Amino acid sequence: MSIIEDLVIASRVCVEHGVIDAYGHVSVRSETNPQRYYMSRAIAPEMITESDIMEFDLDSVPVVPNGPPGYNERFIHGEIYKARPDVNSIVHNHSHSVIPFSCTTCQLKPIFHMAAFIGLGVPNWDIADAQKGTDLLVRNNVLGKSLAEKLGKHPAVLMRGHGSVVVGEKIQTAVGRTVYLDHNAKMQFQAMMMAGQDVMYMADDEVMANVAWQEYYRSWDLWKKKWQKKLAEEKSLNS
Ligand SMILES: [Zn+2]
């Protein structure tokens with residue numbers, strides 16, 4: 001099924017770009033049943049193949065019982081799919097360059113045209129506002145719902161001291177935004193080291209002109225072709 005192949009490729013792309021390591025996950029909403037989504041069983045994303053993909057309902061309960069464990073933080077995905085009918089793919093990641101913006105007053109802003117979507121707003125969710133004394137992980141639907149509420153209608157949300165969640169109408173949009181959010185965070189940090197507060201960010205009208213068409217088609221096309229070849233090689237080595 002192509003949606004499952006895309007999900008495997010999306011995971012590998014996020015690993016390749018250093019925005020997901022042994023942790024983090026990508027999901028995609030079912031094309032036939034919007035009340036369901038697909039995500040891997042709980043393994044490192046770099047190891048995911050099509051046979052690892054499971055189907056969940058929007059309470060993040062596996063559709064097939066007694067299967068392998070799902071990710072502890074799958075509730076992020078179910079609650080966002082409930083709240084956002086326009087969202088069909090979600091990436092949760094612990095990108096190191098983004099985290100400093102989640103635990104300081106320094107606001108992430110669009111410095112680079114490929115990350116113009118940041119100008120639509122990236123709120124910062126503090127898990128302690130929902131529950132004190134957690135390990136910062138979104139381990140249930142109550143915390144997932146709180147995070148989804150903070151995300152609101154935005155394209156991404158930061159998670160204090162933890163990472164971020166990025167959403168898209170298409171899988172390539174969620175993955176493209178995730179990769180370029182990381183690049184933007186690095187560039188913003190560099191620019192602020194050079195010039196402090198004296199940095200020019202994209203203006204609101206520039207942001208709107210860019211997000212009107214930016215869906216990362218060319219990036220996704222490149223990434224997909226590359227990973228289809230690599231995954232076929234991997235499969236033949238293992239057979
Ligand atoms: Zn996490």
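Asn 184 has its place in helix α5; helices here are DSSP runs of H or I with at least four residues, strands are runs of E with at least two, and both are numbered from the N terminus. The model is a predicted one, in which local features need pLDDT of at least 70 and side-chain atom pairs count only at pLDDT 80 or more, while totals for chains, interfaces and linings use all residues. Residues are numbered from 1 along each chain as its sequence is written, and side-chain values use heavy atoms, with hydrogens and water left out.

With a relative accessible area of 0%, Asn 184 is buried; the term means under 20% relative accessible area, whereas exposed means over 50% and partly exposed lies in between, using a 1.4 Å probe and protein chains only. Leaving aside residues up to four places away in sequence, Asn 184 touches Leu 108, Lys 109, Pro 110, Ile 111, Phe 112, Ala 115 and Ile 118, where contact means heavy atoms within 4.5 Å.

Turning to the metal site, the zinc ion is coordinated at 2.0 to 2.1 Å by Glu 73 through OE and by His 92, His 94 and His 162 through NE2. Donors are N, O and S atoms within 2.8 Å of the metal (3.2 Å for Na, K and Ca), and sites may look incomplete because water is not among the atoms. The angles among the four donor atoms run from 96 to 145°, and the site is irregular. For comparison, four donors count as tetrahedral if all angles lie between 85 and 135 degrees; four count as square planar and six as octahedral if opposite donors are over 155 degrees apart and all others between 65 and 115; anything else is irregular. Along the sequence, the donor residues follow the spacing E-x18-H-x1-H-x67-H. Among them, Glu 73 and His 94 link distant parts of the chain: Glu 73 belongs to the loop between β3 (53–57) and α2 (75–83), and His 94, 21 residues apart from Glu 73, to the loop between β4 (89–93) and α3 (99–102). Glu 73 and His 94 are both buried.

Helix α2 is mostly covered, with seven of its nine residues buried. These are Phe 75, Ile 76, His 77, Gly 78, Glu 79, Ile 80 and Tyr 81. Their cover includes β1 (25–29), β2, β4, α4 (141–151), β6 (156–159) and β7 (163–168). Ile 80 touches Val 87, Ile 90, Ala 148, Leu 151, Val 165 and Val 167, not counting residues up to four places away in sequence.

The aromatic rings come next. Rings of Phe, Tyr and Trp (its six-membered ring) pair if their centres lie within 6.5 Å; planes under 30 degrees apart count as stacked, over 60 as edge-to-face and the rest as tilted. The count by this rule is four aromatic pairs. In one of these, Tyr 37 and Phe 56 are stacked, at 5.4 Å centre to centre with 20° between the planes. Because Tyr 37 lies in strand β2 (residues 36–40) and Phe 56 in strand β3, the pair ties together parts that are 19 residues apart in sequence. Tyr 37 is buried at 0% relative accessible area, and Phe 56 likewise counts as buried at 0%. The rings of Tyr 180 and Tyr 216 are stacked because their centres are 5.4 Å apart and their planes meet at 15°. Tyr 180 sits in helix α5 (residues 171–195) and Tyr 216 in the loop between α6 (204–211) and α7 (217–238), 36 residues apart. Tyr 37, Phe 56 and Tyr 81 form one aromatic cluster.

Asn 66, in the loop between β3 and α2, is exposed at 82% relative accessible area, whereas Tyr 216 is buried at 3%. Finally, Pro 100 of helix α3 is partly exposed, with a relative accessible area of 40%. Pro 100 and Phe 189 are 89 residues apart in sequence and 9.5 Å apart in space, C-alpha to C-alpha.
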